[in-house]
Amino acid sequence: DWTMAGYRDEAIRKIREQVGDKKVICGLSGGVDSSVAAVLIHEAIGDQLTCVFVDHGLLRLNEAEEVVTMFRDNYNIPLIHADESELFLGALEGVSDPEVKRKTIGRLFIDVFQRYASAIEGAEFLAQGTLYPDVIESVSFSGGPSVTIKSHHNVGGLPEKMGLKLVEPLRELFKDEVRALGRELGLPDKFIGRHPFPGPGLAIRCPGEITREKLDILRRADAVFIDQIRRHGLYDEIWQAFVAILPVRTVGVMGDGRTYDFACALRAVTSVDGMTADYYPFTHEFLGETATRIINEVKGINRCTYDITSKPPGTIEWE
Ligand code: XMP
């Protein structure tokens, strides 16, 4: 009989057999996938594993600190925090095309990762939290023709370039199975249940040009939205929820003054695997309360809209 405990033991056995006494580098993103991969591999080979966390400056509020605390302090996994936000935001200046954003971030991600990883002596393997849908979505889409829908920035081509062999212990799993495996490995429920977060991060939730000002506003608005969702006990029913800051300022009134601030869109969807999605049917009370909180608590936003597009025809992200 197939059980997750059995899968874990088998995965650990395979990792040990593949890796032997060699060193492994794992790119940690803070997401569930790479985290589960890292903890699984750490369980298999202990400190032969070093994690590299590339911080591109496009993470959510407090996210970098949370990741570092969890892995370095709670799990004692050797972790390098590569804080390279200056580099990424500099390169993204003036870029508004979504695919150029992805390619720029992907390219820099590889450069940075490679720079930090090559400082780890004697590493022979590169671990990735690639899932089954990542494997298929980059090849075909809904049984359609073989096209790349979006250039997901799993470090394609990097292993060859660095002369590293790949370790991909989650390659056969869907998201819900990865979560079950994470639970099996003792990761906290709150962490396991985290919504997926795209590699390019907030860059693709900031249509148009990315500025520090917009990112700052976006982070704060997003934190309020997620707080609302948690307070109302809805977090686990939702596949992904986030705010996108729109590249448009609108007129509003606040007290006796006129405001001219950014508009934002709230996005929340249900989904099984991210391939298709429905918008989440919040009550009007919830939406009204959330808009009021965001506009009152986040300086720089004076208008909130709710995105009711399903996938298809929309995508989950705005870019
Ligand atoms: P879309 O927007 O294509 O998103 O409906 C489907 C799922 O994929 C995530 N996503 C990405 N993940 N790099 C990633 O690592 C990307 O470029 C990327 N684009 C979308 C998205 O958050 C959702 O979970």
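Student: Why is serine 29 called buried?

Tutor: Good place to start, and keep in mind that this model is predicted. Serine 29 has 24 other C-beta atoms within 10 Å, and the label buried needs 20 or more, so serine 29 is buried.

Student: Where is serine 29 found, and which residues does serine 29 touch beyond four places in sequence?

Tutor: Serine 29 lies in the loop between strand E1 (23–28) and helix H2 (32–45). Leaving out residues up to four places away in sequence, serine 29 touches Ser34 and Gly199.

Student: At which residues does UniProt place the feature "binding site"?

Tutor: The unreviewed UniProt entry gives that feature at Ser29, Gly30, Gly31, Val32, Asp33, Ser34 and Ser35. Do take it with some care, as such annotations may be inferred rather than shown by experiment.

Student: What makes valine 32 count as buried?

Tutor: Valine 32, which sits in helix H2, has 24 C-beta neighbours inside 10 Å. The cut-off is 20 or more, so valine 32 counts as buried. Not counting residues up to four places away in sequence, valine 32 touches Val178, Arg179, Gly182, Ile192 and Arg194.

Student: How do you know that leucine 79 is buried, too?

Tutor: Leucine 79, found in strand E3 (residues 79–83), has 20 C-beta neighbours inside 10 Å. Since 20 or more is what the label asks for, leucine 79 counts as buried. Leaving aside neighbours within four places in sequence, its contacts are Leu28, Cys51, Phe53, Val68, Phe71 and Arg72. The C-alpha atoms of leucine 79 and phenylalanine 53 are separated by 7.1 Å, with the two residues 26 apart along the chain.

Student: How do you know that strands E6 and E7 pair?

Tutor: Pairing requires at least two bridges. Strand E6 (residues 240–254) and strand E7 (residues 257–270) have 12 bridges, in the antiparallel sense, so they qualify as a pair. One of the bridges joins methionine 254 to glycine 257 in E7. The hairpin has 2 residues between the strands, and there glycine 255 takes a positive phi near 65°.

Student: What are the domains, and how many residues are in contact between them?

Tutor: The protein is divided into domain 1 (4–192) and domain 2 (206–306), with 28 Å between their centres, taken over C-alpha atoms. In all, 9 residues of domain 1 are in contact with 11 residues of domain 2. On the domain 1 side, the touching residues divide into 5 nonpolar, 2 polar and 2 charged.

Note on methods
Residues are numbered from 1 along each chain as its sequence is written. This is a predicted model: local features need pLDDT of at least 70, side-chain atom pairs count only at pLDDT 80 or more; totals for chains, interfaces and linings use all residues. A residue is buried if 20 or more other C-beta atoms lie within 10 Å of its own, exposed if 12 or fewer, and partly exposed in between; C-beta atoms are placed from the backbone. Two residues are in contact if their C-beta atoms, placed from the backbone, lie within 7 Å. Domain bounds come from an automatic or database domain assignment. Ala, Val, Leu, Ile, Met, Phe, Trp, Tyr, Cys and Pro count as nonpolar, Asp, Glu, Lys and Arg as charged, and the others, Gly among them, as polar.
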